[in-house]
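Hi everyone, thanks for coming along. I'd like to walk you through one model today, so let me put it up on the screen.

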Amino acid sequence: MEITVKKEDIVSALNTTLGVVEKKHTIPILANVLFEVSENTLHLTATDLTSEVTTNCPLVNFNTEGKTTISARKLNDLCRLIPDGEEINIAMAGEKISIKTKKGKYSLSTLPSEDFPIFSAEDENTFLSIPSQDLRDLIVSTSFAIDVSGWKDWLMGLFISANDGELVAVASDAIRLATAKKTIEANHSFSGVVPRKSINEISRFLSDHSGNVDFAINHSTVLLSTENLVFKSKLISGGHNLDYFQRVIPSGDSSVLECNTKEFLEALNRISVLANDNLYNEVHLHASAEGLRLNANTKLSEVAEESAKSNLSGDEFKTVVNGSVLKEAITHIKTDNCHINFFGPDKVILVSPPNTNEQQYVVQPVKPVTLGSETIPAEATTSNVD
């Protein structure tokens, strides 16, 4: 095997693989990238046994085919430090890889390509062609709510479902739930829970891509394909269907508070300076015909109070929420105004853009509160998501 590549091209290809490369070297070869030259093309593949990414690197010159595995990080660090614009000659030299530049030559150890674990994915896939920005918007709008505690395996990923002309993403950590949807032209039908690490990698790939991508979920695998990249990941087993998540979203009569999104978020940020001193970051909200009042206090009797312009439809209400959780929901609303639906003192609240269900955020109250109550004990309620 012998090839010549441009520094920028190989660094870009290696960067694509680094998020998947196993960082803890429990199995040494998982720290390596499969380096395969065939038919005048360099293919780079990385895996952590749960996911796999394959990308291509253009060649300046091709001499002979071959394949091996090399430390992904050593190769990337070395190539990254080579001056811009240089060409790099890479060749097999016995059981090592020889790397030559204008001013230097290097020799890196390899491991046999036969020992590299190739990810097995099901062959039959019906791909959905979707704008990369639409898929990334779904992920960004919801993935922040993925559970990181390990309470239930199927909450440690993003549930994605396609059905009836809609692509829906849902995440929950049992304290909040985030859901978003996009209209799709084709009538695809699939669903599954994609692990958090894989979702982060998909989002990273999409941020560097314009145009459409091919996306599919089958019985046990999610796949993403672009012009020069194929990503595969196992799904988390035991995920619930979309109907389960939809039952968590409240419905029926409610008081609806409409606020300016930017002003509300700025007020929450200021209030949170004090609220962050509390165990559950308690922020008190009091909505009435006169407007919205926000307040927080600390054990040192420090007090923060804010008022914000708002319009209330329905009855006056009070609630206490985790300020950090509410801020994350509001941050992902891009419309000028946002709605907060209040269904009762012992119910979750629903945050969304006005007059649409394309984004919905369910937030647990820290503690039920009724009008006239003065103090709220710092203790959380039992989850509504089981």
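Let's start with a helix pair: α3 passes α4 in a left-handed crossing. By left-handed I mean that the near helix is turned anticlockwise from the far one by less than a right angle, while clockwise would be right-handed. Helices here are DSSP runs of H or I with at least four residues, strands are runs of E with at least two, and both are numbered from the N terminus.

A word on where this comes from: the model is predicted, local features need pLDDT of at least 70, side-chain atom pairs count only at pLDDT 80 or more, and totals for chains, interfaces and linings use all residues. Residues are numbered from 1 along each chain as its sequence is written, and side-chain values use heavy atoms, with hydrogens and water left out.

Back to our pair. The axes of α3, residues 132-142, and α4, residues 196-207, come within 9 Å and cross at roughly 145°. Axes are lines fitted to C-alpha atoms, for helices over the stretch in contact, and angles run from 0 to 180 degrees between N-to-C directions. On the α3 side you'll find Ser132, Leu135, Arg136, Ile139 and Val140, meeting Ile199, Ile202, Ser203, Leu206 and Ser207 of α4; contact means heavy atoms within 4.5 Å. Those residues split into six nonpolar, three polar and one charged. For the classes, Ala, Val, Leu, Ile, Met, Phe, Trp, Tyr, Cys and Pro are nonpolar, Asp, Glu, Lys and Arg are charged, and the others, Gly among them, are polar.

While we're on α3, have a look at serine 141, which sits in this helix. Is serine 141 buried or exposed? Serine 141 is buried, at a relative accessible area of 12%, where buried means under 20%, exposed over 50% and partly exposed in between, using a 1.4 Å probe and protein chains only. Its side chain reaches the backbone oxygen of aspartate 137 at 2.7 Å. That is a polar contact, a pair of N or O atoms within 3.5 Å; within protein, one must be able to donate a hydrogen and the other to accept it, and residues adjacent in sequence count only if both atoms are side-chain atoms. Leaving aside residues up to four places away in sequence, serine 141 touches Ala178, Ala180, His332, Gln359 and Tyr361.

From α1 the contact takes Lys7, Ile10, Val11, Leu14, Asn15 and Leu18, and from α2 it takes Ala72, Arg73, Leu75, Asn76, Cys79 and Arg80. By class, this contact of α1 with α2 has seven nonpolar, two polar and three charged residues.

On to the strands. In what order do the four strands of the open sheet run? The order is β21-β20-β19-β23, with antiparallel pairing; two strands pair if DSSP finds at least two bridges between them. β21 (303-308) and β23 (317-322) are at the edges with a single partner strand each, so one side of each has no neighbour in the sheet. From one strand to the next, the twist averages 20°.

Inside that sheet, β19 (residues 282-288) and β20 (residues 291-297) pair in the antiparallel sense over five bridges, and alanine 287 stands opposite leucine 292 in β20. Helix α6, residues 261-275, lies across β19, β20 and β21, running at about 20° to β20. Helix α7 packs on the sheet too, touching β19 and β23, and its direction makes about 95° with that of β23.

α7 itself covers residues 323-331, with Gly323, Val325, Leu326, Lys327, Ala329 and Ile330 buried. Asparagine 322 caps its N-terminal end, placing a side-chain oxygen 2.9 Å from the backbone nitrogen of serine 324.

One more stop in β20: asparagine 295 lies in this strand and is partly exposed, at 25% relative accessibility. Its C-alpha atom is separated by 5.2 Å from that of histidine 284, eleven residues apart along the chain.

Serine 301, in the loop between β20 and β21, has a positive phi of about 65° although it is not a glycine. At 62% relative accessibility, serine 301 counts as exposed.
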